[in-house]
Amino acid sequence: MSVALAGRSPSTFEIKSATLPLLALRLKSPDLALLQDELEAQYGEMPDFFEHDPVVVDLSALAPEHAEASIDFEQLGELLHTRRLRFMAVRGGSEEQRAAAAQLGLLLAPDVPVQRSERTTETPAPPVEAVAPGALVIDRPLRSGQQVYARGRDLVLLAMVNHGAEVIADGHVHVYAPLRGRAIAGARGWPQARIFALDMQPDLVSIAGVYRTSDASLGPEIWGRAAVVQLVSGEAGDSLVFEPMGD
């Protein structure tokens, strides 16, 4: 026979499990000067892209020749701070690297198994903010130099994206018109994001940091036609795959 007894709860606090949005920076090289250059190239024109988001630096992706390399975590923290990122913890790495991080007061995050889809590589994808329902809808043409960012959701454009314009979304990008500028989907690392356009003629497309410029020919079956772009991961690495839509 079970017995239920009344319990008491503290009147001043509660402790509950919480799932918090964190960004993961998968460091592939200990060269912080190169990291600074590439962050500038990727986000230099978007100084407000991050909003003091907490970030975990994941060392599991370091190349074998750098697996034991010394990392200046203090300098790394200053570098991330300039990008409005809050360096909170380190995941993976050697015992020496983790000890150096702990000495600076950084948290040591456990290696958590990640479920993988058939499109992911053997390296776990970084945790990202969930894409909220709904979308940001833009119904005017975007001229060269204009930029639109849909934070935490999809972006839908009902008019042309001209050369020199840039559209960015944490989710999918839908362009129901000619896409001639730059389109960036999955901007915070969501690899399942896609880019749709009724007239695919982009200066650049990027999904989860993997990009392709107009220097690489898309072919007559894609260029100027309705098409979709998605990120595919395989043994050879990540690639962007363009496919025609409709007949």
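Glu 51 sits in the loop that runs between helix H1 (32–43) and strand E2 (53–58); helices (H or I, at least four residues) and strands (E, at least two) are DSSP runs, numbered from the N terminus. This is a predicted model, where local features need pLDDT of at least 70, side-chain atom pairs count only at pLDDT 80 or more, and totals for chains, interfaces and linings use all residues. Residues are numbered from 1 along each chain as its sequence is written, and side-chain values use heavy atoms, with hydrogens and water left out.

With a relative accessibility of 47%, Glu 51 comes out as partly exposed, a class lying between buried (under 20% relative accessible area) and exposed (over 50%), using a 1.4 Å probe and protein chains only. Leaving aside residues up to four places away in sequence, Glu 51 touches Arg 84, Arg 151 and Arg 188, contact being heavy atoms within 4.5 Å. Glu 51 and Leu 85 are 34 residues apart in sequence, yet their C-alpha atoms are 7.1 Å apart in space.

Ser 233, for its part, belongs to strand E14 (residues 227–234). Ser 233 counts as buried because its relative accessibility is 17%. Its side chain makes a polar contact of 2.6 Å with that of Asp 238 (a pair of N or O atoms within 3.5 Å; within protein, one must be able to donate a hydrogen and the other to accept it, and residues adjacent in sequence count only if both atoms are side-chain atoms).

Then there is Leu 158, placed in the loop between strand E7 (154–157) and strand E8 (166–169). Leu 158 is partly exposed, at 46% relative accessible area.
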